[in-house]
Each structure stands twice: as structure tokens, then as C-alpha cells.
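Please examine the sequence and the structure shown below.

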Amino acid sequence: MDVSLSTLIGSAAGCIGLYSFVPQVVKCCRTGDVAAISLRMFTVRTFGLLLWTIYGYALGSMPVLIFSALGLTRSSIILVLKVRGSRMQPAGENCVRDRREQKPSGTTEPVAG
């Protein structure tokens, strides 16, 4: 199988671009903390990746199609978590409080006396 240099470069770029989403998706899924994420940015990013996916399909370019579709999936996950987190949060309140400030459930404070 003869693979062109442009396909190799496209595949490498796709892998790197796709990997850039991993820390954000993992953090959002584990902590639910979406306060620092820009809703507008991820909306535009998701729409752009949708267009790149369509473009890759139209061109028949497998690297563009595959990596933009996978990026679209990851970006959509972050966008859904952001929208869901925004709806559950009252206005002006942080999504997730600092874990050090929260007390474990079932603990009581000592009574001074």
C-alpha cells in the first residue's frame, strides 16, 4: 500500500489535534467543572468541525473526514456538558466549588463548649 506524504502529515496533524481535546473531556467528565469553558467558543468550534467533516467527506479525504468527525464527537461532548452544567447552575454561582472547601458527607464539626 502506497501512502502519500500528504496523507501521513494529515494523519499526524489529526492525531495531535484530536489529542488536544482529551484533557478537557476527561476533566469535564470527572469533575463536572465547566465554569471555565466558553460556550460560544465550543459552539463555534463544534460547528466548524461539522463543516470540516462534511468537507472531508466531499473530498474523499480519509484523514480530514476521520479526524474531524472524531474531533466533532469530543467537542460535542464538552458542549453538551457545558450546556447541561449551565442549566443546572443558578446564575452567579460556580459550577464546582473547590473540593478542599467541601466537607465529606457524614462529618460533623467539633462543638466548642
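Thr46 counts as buried because its relative accessibility is 11%, where buried means under 20% relative accessible area, computed with a 1.4 Å probe and protein chains only. This is a predicted model, in which local features need pLDDT of at least 70 and side-chain atom pairs count only at pLDDT 80 or more, while totals for chains, interfaces and linings use all residues. Residues are numbered from 1 along each chain as its sequence is written, and side-chain values use heavy atoms, with hydrogens and water left out.

Thr46 belongs to helix H3; helices are DSSP runs (H or I, at least four residues), and strands (E, at least two) are defined likewise, with numbering from the N terminus. If residues up to four places away in sequence are not counted, Thr46 touches Leu72, Ser75, Ser76 and Leu79, a contact being heavy atoms within 4.5 Å. The side chain of Thr46 also reaches the backbone oxygen of Phe42, at 2.7 Å.

The chain as a whole has four helices and zero strands. Of its 113 residues, 21% count as buried. Among contacts between residues at least 6 apart in sequence, 70% join residues at least 24 apart.

The lining of the largest pocket comprises eight nonpolar residues, five polar and one charged. Here Ala, Val, Leu, Ile, Met, Phe, Trp, Tyr, Cys and Pro count as nonpolar, Asp, Glu, Lys and Arg as charged, and the others, Gly among them, as polar.

Conventions
Buried means under 20% relative accessible area, exposed over 50%, partly exposed in between (1.4 Å probe, protein chains only). A polar contact is a pair of N or O atoms within 3.5 Å; within protein, one must be able to donate a hydrogen and the other to accept it, and residues adjacent in sequence count only if both atoms are side-chain atoms.
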